[in-house]
Amino acid sequence: MAAPWRLGWEPRLLRCVLGFGGRRGPAVLKGAAGWSAGRGASRRWLHSTRRLQADPIKILMPSLSPTMEEGNIVKWLKKEGEAVSAGDALCEIETDKAVVTLDASDDGILARIVVEGGSKNVRLGSLIGLLVEEGQDWKRVEIPKDVGPPSPPSKPSVPHPSPEPQTSIPVKPEVTPGKLQFRLSPAARNILEKHTLDASQGTATGPRGIFTKEDALKLVHLKQLGKITESRPAPAPPAAPTVPLPAQAPAGPSYPRPMIPPMSIPGQPNVAGTFTEIPASNIRRVIAKRLTESKSTIPHAYTTVDCDLGAVLKARQNLIRDNIKVSVNDFIIKAAAVTLKQMPGVNVSWDGEGPKQLPFVDISVAVATDRGLITPVIKDAAAKGIQEIADSVKALSKKARDGKLLPEEYQGGSFSISNLGMFGIDEFTSVINPPQACILSVGRFRPVLKLAQDEEGNASLQQHQLIKVTMSSDSRAVDDELATRFLESFKANLENPARLI
């Protein structure tokens, strides 16, 4: 913007700036007062253009993950009128995976915050803020008319009955007072009509007061014995003139029936039978959607094996003596990565048409957070050492629980591991995380007595620490035979930690 002001007042430039050209330019510039008058007018016009504002830079809701459709503005880290440099954090956005910081891509001044912090379900591409260049009057910036703030999700409105033209409705005869009303099964209604009987002459024994076929047959039997008489229809009253009646709500049933309890009202004590609706976060909605798609579209197969952790526990104790702190889960991650390197046929994904072998071994590790389950990725785990894997897992787990994971830290992955052993779970199965083909479920290690023989052939009971590992595999990409061989190799690698260190 500063460059045009340094170009002086050369006539050709003025003609271009003022929009005059061709043959009319010199005449307009000279005018009646000569060139000096034209120069003065032009100078005043150029001075006034300094007050004009250029179009502001729009800050739109970005797509921060492949599955993101909308996001929540957690909070703004800059205020209106505050200077912003490229790379500065503008706001925190909650995606379907984590809370991500949106950085500025240009220098300038934050002129308008269109979507306030705390706003939910902001669609992708929605305008959330405006940025202007330095030196411009940010207070005079207005929100563009074509792109306004996203409207909040509308609450379900109660349908109001549309005014209908008055119609003539015949007056229905009133029900005789004291006459019981029953719910009739189709078979019972047919029998009663055939034999001219009334359900009030009998007793309903069906669930929730339903008059069943058996109840109707009892009435028929009593009629044949002469204990009851036929039910004669009462003479119809004289036809009353039809009168327009307003629509009335149907009367509630006189018999008990299960009903959905009403929702509780915020700020008021709960009534018996009410429930409280819990708002779902973006992460939990996406988890629910992806798990449902996975279980309904992927043919899951399960393979289980017991692994002896005796050697791993000894190796871990030796590392702790050397001030190297690692967990059993770190050995499991390393063993899975090494096995995938040895058997690339399992390190595949399904792209909709067929299996695709992946050139990298990236292990997704399931981490439970308050917002839901998320799987940060250990990149190139087969090439990392045990201590490096342990450091990566600790750092990524902390960032996951704090909601600070970057998109590249949880996207991708070729194989997943979920370990619930620290929660005391012996055995479980996991749902495959598409497009991956496999996920490993690890339970707790438990002491088991086994009969073993020493070198001299003497039998004795020895205690072993075993864990049960179950692999869920996509049968389209990894068949049962391949899954079995993978678990055999995984067991051999885990029970020989010297291959992993």
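Modeller: Before we start, one term: a residue is buried under 20% relative accessible area, exposed over 50% and partly exposed in between, using a 1.4 Å probe and protein chains only.

Colleague: Thanks! Is Asn323 buried or exposed, then?

Modeller: Asn323 has a relative accessible area of 62%, so it counts as exposed. This is a predicted model, where local features need pLDDT of at least 70, side-chain atom pairs count only at pLDDT 80 or more, and totals for chains, interfaces and linings use all residues. Residues are numbered from 1 along each chain as its sequence is written, and side-chain values use heavy atoms, with hydrogens and water left out.

Colleague: Where does Asn323 lie?

Modeller: In the loop between helix H7 (310-321) and helix H8 (328-342). Helices (H or I, at least four residues) and strands (E, at least two) are DSSP runs, numbered from the N terminus. Asn323 also has a positive phi, near 65°, and is not a glycine.

Colleague: What about the phi of Asp380?

Modeller: Asp380 is not a glycine, yet its phi is positive, about 45°. That residue sits in the loop between strand S19 (377-378) and H9. Its relative accessibility is 40%, so Asp380 counts as partly exposed.

Colleague: New topic: in what order do the 4 strands of the open sheet come?

Modeller: The order is S5-S4-S2-S7, with antiparallel pairing. Two strands pair if DSSP finds at least two bridges between them. At the edges are strand S5 (99-103) and strand S7 (122-123), each pairing on one side only.

Colleague: How many bridges link S2 and S4?

Modeller: There are 4 between S2 and S4, and Trp76 has Cys91 in S4 as its bridge partner. S4 (residues 89-94) pairs with S5 over 5 bridges, while S2 and S7 share 2.

Colleague: Why is S2 described as largely enclosed?

Modeller: Because 5 of the 7 residues of strand S2 (residues 70-76) are buried, the rest of the structure largely encloses it.

Colleague: And how many cavities of 30 Å³ or more are there?

Modeller: The structure has 1. On a 1 Å grid over the protein atoms alone, a cavity is a set of points where a 1.4 Å probe fits but cannot get out, and lining residues have an atom within 4 Å of a point.

Colleague: Which residues line the largest cavity?

Modeller: Val365, Val367, Pro376, Ile378, Val393, Leu396 and Ser397. Helix H9 (residues 386-402) gives the most to that lining, with 3 residues.

How values were computed:
1 Å grid on protein atoms, 1.4 Å probe; cavity = no way out; pocket = protein on both sides within 12 Å on 5 of 7 lines; lining within 4 Å. Points joined across faces, edges and corners; volume = space filled by probe spheres on them.
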